[in-house]
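Please keep the sequence and the model in view while reading.

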Amino acid sequence: MSDIFDYLKWRGDLSFSAAPLCEVDALIFAELSYIDLGGIVPTRTRVQGISLKNAGRRYFDSYRGREIRLGKLLPDSILKLLRVAAETKRFSEVRMLGYRAVLDEARGEQFSAVTFLIEGGTYCVTFRGT
């Protein structure tokens with residue numbers, strides 16, 4: 001049975017102009033939206049953003065020497081996904097921008113969103129929340 005990592009091996013060397021955005025790409029973006037990228041991905045949408053490769057590098061550098069804890073609900077495979085996707089031709093230069101995260105335990109509110117800008121001007125907005 002194939003998984004996301006098999007897809008990255010199969011399609012990771014193809015640009016989005018060679019193979020347009022598909023449901024699996026959108027799933028990868030959605031999965032990556034669960035990572036706390038505050039302070040790494042710009043909050044504004046009228047900026048160039050940061051490449052997925054550089055965002056991943058900055059994220060892992062910020063934890064250098066410390067354990068990354070994602071909590072009980074998130075699988076560690078999300079971190080592997082960030083590492084692997086960031087090294088592919090397909091995802092490495094995708095720009096990330098418009099990051100927003102809200103956590104209000106008193107109100108029972110959780111929300112996060114990030115926009116991915118793909119070559120050719122295609123935007124993929126992903127979010128998670130309650």
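Helices (H or I, at least four residues) and strands (E, at least two) are runs assigned by DSSP and numbered from the N terminus. Two strands pair if DSSP finds at least two bridges between them. The model is predicted, and local features therefore need pLDDT of at least 70, side-chain atom pairs count only at pLDDT 80 or more, and totals for chains, interfaces and linings use all residues. Residues are numbered from 1 along each chain as its sequence is written, and side-chain values use heavy atoms, with hydrogens and water left out.

**Strands and their pairing**

- Strand E1 (residues 50-51) pairs with strand E2 (residues 95-104) in the antiparallel sense, over two bridges.
- Within this pairing, Ile 50 has Met 96 of E2 as its bridge partner.
- E2 is also joined to strand E3 (residues 109-118), by eight bridges, and these two strands run antiparallel.
- Met 96 stands opposite Phe 116 in E3, while Asp 104 has Glu 109 of E3 as its bridge partner.
- The hairpin of E2 and E3 has four residues between the strands, and Gly 108 there takes a positive phi near 65°.
- In a regular strand, side chains alternate between the two faces of the sheet.

**Burial in strand E3**

- Relative accessible area sorts residues into buried (under 20%), exposed (over 50%) and partly exposed (in between), using a 1.4 Å probe and protein chains only.
- Seven of the ten residues of E3 are buried, so this strand is largely enclosed by the rest of the structure.
- Thr 115 is found in E3 and counts as buried, at 10% relative accessibility.
- Contact means heavy atoms within 4.5 Å.
- Leaving out residues up to four places away in sequence, Thr 115 touches Arg 95, Met 96, Leu 97, Gly 98, Tyr 123, Cys 124 and Val 125.
- Phe 111 also has its place in E3, but Phe 111 is partly exposed, with a relative accessible area of 34%.
- Phe 111 and Val 24 are 87 residues apart in sequence and 22 Å apart in space, C-alpha to C-alpha.

**Packing of helices H1 and H4**

- Helix H1 (residues 4-11) and helix H4 (residues 77-86) pack at an angle of about 5°, with their axes 11 Å apart.
- Axes are lines fitted to C-alpha atoms, for helices over the stretch in contact, and angles run from 0 to 180 degrees between N-to-C directions.
- H1 and H4 are therefore roughly parallel to each other, a term for angles under 35 degrees; over 145 counts as roughly antiparallel, 65 to 115 as roughly perpendicular and the rest as oblique.
- From H1, Ile 4, Phe 5 and Leu 8 meet Ser 77, Lys 80, Leu 81, Val 84 and Ala 85 of H4.
- By class, this contact of H1 with H4 has six nonpolar, one polar and one charged residues.
- Nonpolar residues are Ala, Val, Leu, Ile, Met, Phe, Trp, Tyr, Cys and Pro; charged residues are Asp, Glu, Lys and Arg; the others, Gly among them, count as polar.

**The nonpolar core**

- A nonpolar core is a set of buried Ala, Val, Leu, Ile, Met, Phe, Trp, Tyr and Cys residues joined through side-chain atoms within 4.5 Å.
- The largest such core has 31 residues, and those with the most contacts inside it are Val 41, Tyr 59 and Met 96.
- H1, H2, H3, H4, E2 and E3 each supply at least two residues of this core.
- H4 provides the largest share of this core, five residues.
- Apart from neighbours within four places in sequence, Met 96 is in contact with residues including Leu 37, Val 41, Pro 42, Ile 50 and Phe 116.

- Lys 53 lies in helix H3 (residues 52-62) and counts as partly exposed, at 27% relative accessibility.
- Beyond residues up to four places away in sequence, Lys 53 touches Ala 86, Glu 87 and Ser 92.
- Lys 53 and Met 96 are 43 residues apart in sequence and 9.9 Å apart in space, C-alpha to C-alpha.
- Ser 15 lies in the loop between H1 and H2 and counts as buried, at 13% relative accessibility.
- Not counting residues up to four places away in sequence, Ser 15 touches Lys 89, Arg 90 and Glu 119.
- Tyr 34, in the loop between helix H2 (23-32) and E1, is partly exposed, with a relative accessible area of 35%.
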